[in-house]
Amino acid sequence: MGKIIFPFSNGVALYQNGKLSISLISHTGEKKVGGVVLKEQKRFLSLPVIGGLVYFFYGFCLYIKAFLLSYQLDGQEEENNKSYRQAKKINFISSYISLIAAIISMFILGFLYLGIFPRYIYNFFFDEYQNYYFISFIIALIRLLLVYLLLVLLRFCPFMQSLYSFNGAANIEQNGNDNKNAHFYPLNMLNYLTNVFLISIFVISLIAIDIGWGLNFLVNMAIFLAISVLVYEYLRFVSVKKIAFLSDLTYITNALVVVKPNITHKEVLMAAKIELESYQNFEKIEKGRVSMSSLYAEMQTKLKQSERFDKSDLDWIIATFLNMNRAEIKLVRSVSQKEYQNIMRACARRAKGEPLSSIFGFVDFYGLRFDVNKKVLSPRLETEVLVEEALKKIKESDLKTALDLCCGSGAIAVAIAKYSSCKVSASDISKQALALAQSNAEKNGAKVDFVHADLFAGLKKHKKYDIIISNPPYIKTKDIDKLDIEVKKYDPKLALDGGEDGLIYYRKIVKEAGKFLNKRGWLFFEVGKGQAEEVKELMNENNFGDCQIVKDYNKIERVVYGRINK
């Protein structure tokens with residue numbers, strides 16, 4: 001059974017697996033979250049007939065529970081204020097009086113609107129038709145149309161518009177997209193109750209039992225409960241099977257209680273979802289602080305709008321500002337206003353395409369931290385595969401010396417030096433890159449010999465290595481302008497441009513590498529998407545054997561390596 005969703009005029013509640021979470025906009029304009037742990041009813045919801053009854057009664061009770069919880073959550077920051085407590089008590093009493101008055105008014109209006117008015121309309125238009133079945137059918141139809149009209153008119157009420165907007169956000173969340181059917185997820189509680197109410201009015205009016213007031217009530221109640229069960233089973237079937245035609249049929253009734261949500265409605269719903277799924281228990285959020293659930297929801301919305309959403313980006317931004325690792329932030333329930341503002345500023349920069357390495361000036365790579373700037377290529381996650389494969393070979397073959405060619409920030413060289421006993425050298429054509437790499441080596445306590453060189457030109461001719469590792473520029477010149485803004489704008493072109501076919505540096509390195517490798521030495525490359533076979537062929541043509549291709553975490557052929565045949 002999926003989540004049960006309860007929309008309000010100022011927020012939304014979600015129930016699943018015995019937990020009820022709520023997220024709302026308070027009377028002061030703040031986003032608030034809370035919740036309570038309840039007894040699970042899952043085993044009953046899956047039973048035929050009983051499941052429908054449990055869903056109706058338990059769902060109705062949950063709705064009331066969620067409403068009371070929202071009332072409490074909205075005013076919890078004022079609990080220590082005596083005047084507020086008195087005003088709240090008065091308001092709570094007046095709310096009950098208003099509720100009783102509203103119920104009485106609804107009965108009176110219901111009697112007039114659905115009792116007397118339909119009969120008046122029938123007599124006005126169909127007075128000459130006195131067939132019992134015809135009368136029942138026409139009056140049932142009139143009542144259904146009158147209720148439908150009332151629900152349509154309610155959509156113009158600001159209070160109801162807000163309620164329906166939160167319900168609209170709930171429908172989209174359940175379906176995960178913005179197509180037409182996404183707005184009408186059948187088993188949302190408001191959708192379900194609307195279906196039950198409309199169908200019950202029509203069926204009870206159509207049958208038109210007349211066996212005495214008391215028996216009428218009992219029979220009609222039985223019909224109502226039977227309809228609630230049938231509607232539940234039908235909507236559950238539609239939501240599971242997702243048959244387009246059947247889903248479209250729910251449009252007729254569900255459309256009455258759905259309004260297209262705005263960003264705020266979606267964020268409030270998302271905060272409730274995060275609160276429900278991320279935490280075992282619910283904690284009170286201190287006044288003036290922002291809940292992590294609301295923070296995550298707002299960040300997700302901003303990044304998804306820019307089509308740059310990545311869950312790891314959210315965790316990294318938050319962890320950096322809180323000076324924690326990603327595991328530790330899972331235990332944090334709220335942030336201060338200053339932390340919130342700093343995090344959202346960084347999130348806004350990320351949404352514009354600025355990479356996290358540029359925002360913070362550093363990047364975590366292979367368990368180490370490296371400073372970066374616009375003079376060097378920021379280390380990528382896929383490059384960790386190159387380091388991992390090189391370290392395996394170093395350990396396996398007991399290699400003693402290593403060279404990182406085109407070292408950039410020094411990430412590869414420093415990682416090799418830190419996690420192996422190899423004596424590591426590193427070279428780059430950029431003096432600015434070498435200065436940064438040297439600084440990174442010192443900060444990470446790694447001993448690396450840095451050399452200013454254009455590939456092999458500038459290295460000592462007599463010095464040879466057991467393994468040469470390189471992540472050279474490999475983007476085709478014509479493709480650089482097509483790159484994502486976070487690469488094209490923030491990474492140096494010198495570290496990207498691999499010539500007309502992207503392979504210019506591989507040719508140069510493969511041709512000269514043999515002169516700088518010890519007997520049976522290894523050459524390791526990172527390559528671009530679709531380049532692995534060509535680079536492997538280049539190595540085979542230049543006296544390298546045992547050539548292998550390794551895929552990265554995204555199943556892209558990313559690493560090519562081989563051994564010199566001498």
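In this predicted model, Leu403 has Ile468 of strand S12 as its bridge partner. That pair belongs with strands S9 (residues 401-405) and S12 (residues 465-470), which run parallel and are joined by four bridges. Zooming out, S9 and S12 sit in an open sheet of seven strands with mixed pairing, and the order reads S11-S10-S9-S12-S13-S15-S14. The edges go to strand S11 (448-452) and strand S14 (544-551); each has a single partner strand, so one side of each is left without a neighbour in the sheet. On average, and ignoring direction, neighbouring strands here are turned by 20 degrees against each other.

Two helices that contact this sheet are worth a look. Helix H18 (residues 504-513) packs on the sheet and touches S9, S12, S14 and strand S13 (517-526). The direction of H18 makes about 170 degrees with that of S13. Helix H19 (residues 532-541), for its part, lies across S13, S14 and strand S15 (557-564), and runs at about 165 degrees to S14.

Elsewhere in the chain there is a helix pair to consider. Helix H9 (residues 263-278) and helix H10 (residues 292-305) have axes that come within 8 Å and cross at roughly 130 degrees, which makes H9 oblique to H10. The crossing of H9 past H10 is right-handed. On the H9 side, the contact takes in Ile263, Glu267, Met270, Ala271, Ile274 and Glu275; these meet H10 residues including Tyr296, Ala297, Glu298 and Thr301.

Technical notes. Residues are numbered from 1 along each chain as its sequence is written. This is a predicted model: local features need pLDDT of at least 70, side-chain atom pairs count only at pLDDT 80 or more; totals for chains, interfaces and linings use all residues. Side-chain values use heavy atoms; hydrogens and water are left out. Two strands pair if DSSP finds at least two bridges between them. Axes are lines fitted to C-alpha atoms, for helices over the stretch in contact, and angles run from 0 to 180 degrees between N-to-C directions. Contact means heavy atoms within 4.5 Å. Angles under 35 degrees count as roughly parallel, over 145 as roughly antiparallel, 65 to 115 as roughly perpendicular and the rest as oblique. A crossing is left-handed if the near helix is turned anticlockwise from the far one by less than a right angle, and right-handed if clockwise.
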